[in-house]
Amino acid sequence: KAKEFYLPNLMITKKKVKESIGYDNLIIQTINHIEELNKISNMLSKRLREWYSLYNPEFSNSIDDHLAFSCMILEGNEPKIKESMGADLKEEDIVSIKDIAKEIVRIDELKESQIAYLEKIMKKHCPNIQAVAGTLIGGKLVAMAGSLEKLTIFPSSTVQLLGAEKALFRHIKTGPRPPKFGVIMNHQLVNSVRLKDKGKVARMLANKIS
């Protein structure tokens with residue numbers, strides 16, 4: 001008798017698991033992947049700058065943009081002054097440095113394709129959040145909430161502080177000022193106002209998202 005119940009129950013469970021996977025799961029996986037690519041790119045960029053500084057420290061210190069820095073190294077357009085403090089490395093030594101630059105460019109291309117994919121699925125399945133919060137911030141909000149359904153039932157005050165949990169717990173535990181916003185601090189509306197108005201604008205934006 002146990003076997004008679006086992007297979008039907010197994011099929012029902014499999015069906016429920018399958019039906020529980022929605023497009024918000026794809027959004028969460030994609031935005032998490034983009035965040036991971038950013039971390040990997042930053043780590044490689046730091047290594048590239050330190051390594052390349054052995055050869056051409058003046059140029060390494062003259063440009064802040066990691067991607068532009070990598071592209072110029074690959075294209076061989078980076079200047080090197082005659083009185084450089086860098087070592088005179090052979091071409092075979094520079095090959096390994098260029099391999100890192102090549103990887104940074106490749107990761108950036110992958111990241112851009114992932115952002116385009118995220119924008120596509122968000123426009124289709126949660127267009128209101130995408131329109132108000134933007135692709136990346138909207139995706140992060142869904143991921144931090146755990147699902148699109150959970151995000152829709154959060155009050156605006158919770159939406160406003162998503163991403164600022166550590167600061168909130170620190171406020172509760174030790175008493176410093178409470179955070180005024182979380183991940184939505186990167187929204188252009190919040191960034192475009194004076195410091196004293198950021199909390200108010202963040203509250204209005206969270207209300208619209210909610």
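Student: Why is Tyr117 called partly exposed?
Tutor: In this predicted model, Tyr117 has a relative accessible area of 34%. Buried would need under 20% and exposed over 50%, so Tyr117 falls in between and is partly exposed. Its place is in helix H5 (residues 91-125).

Student: What makes Tyr117 part of a nonpolar patch with Tyr23 and Leu26?
Tutor: A patch residue needs over 30% relative accessible area, and Tyr117 has 34%. Nonpolar side chains are joined within 5 Å. Together, Tyr23, Leu26 and Tyr117 have about 260 Å² of accessible area.

Student: Let's turn to the rings. Why is the pair of Tyr52 and Tyr55 called edge-to-face?
Tutor: The structure holds 4 aromatic pairs. For Tyr52 and Tyr55, the ring centres are 5.6 Å apart, and rings pair within 6.5 Å. Their planes stand at 75°, and over 60 degrees counts as edge-to-face, so that is the name for this pair. Tyr52 and Tyr55 are both buried.

Student: And why is the pair of Phe59 and Phe69 called stacked?
Tutor: Here the centres are 5.4 Å apart and the planes at 20°. Planes under 30 degrees apart count as stacked, so Phe59 and Phe69 get that label. This pair links distant parts of the chain: Phe59 lies in helix H3 (residues 57-60) and Phe69 in helix H4 (residues 66-75), 10 residues apart. Phe59 is buried, as is Phe69.

Student: Which residues do ring pairs link into a cluster?
Tutor: Tyr52, Tyr55, Phe59 and Phe69.

Technical notes: Residues are numbered from 1 along each chain as its sequence is written. This is a predicted model: local features need pLDDT of at least 70, side-chain atom pairs count only at pLDDT 80 or more; totals for chains, interfaces and linings use all residues. Side-chain values use heavy atoms; hydrogens and water are left out. Rings of Phe, Tyr and Trp (its six-membered ring) pair if their centres lie within 6.5 Å; planes under 30 degrees apart count as stacked, over 60 as edge-to-face and the rest as tilted. Buried means under 20% relative accessible area, exposed over 50%, partly exposed in between (1.4 Å probe, protein chains only). Helices (H or I, at least four residues) and strands (E, at least two) are DSSP runs, numbered from the N terminus. Patches are made of residues with over 30% relative accessible area and no salt bridge: like charges are joined within 9 Å, nonpolar side chains (Val, Leu, Ile, Met, Phe, Trp, Tyr) within 5 Å. Accessible areas come from the Shrake-Rupley method with a 1.4 Å probe; for residues, only the protein chains shown count as cover. A salt bridge is a side-chain nitrogen of Lys or Arg within 4 Å of a carboxyl oxygen of Asp or Glu.
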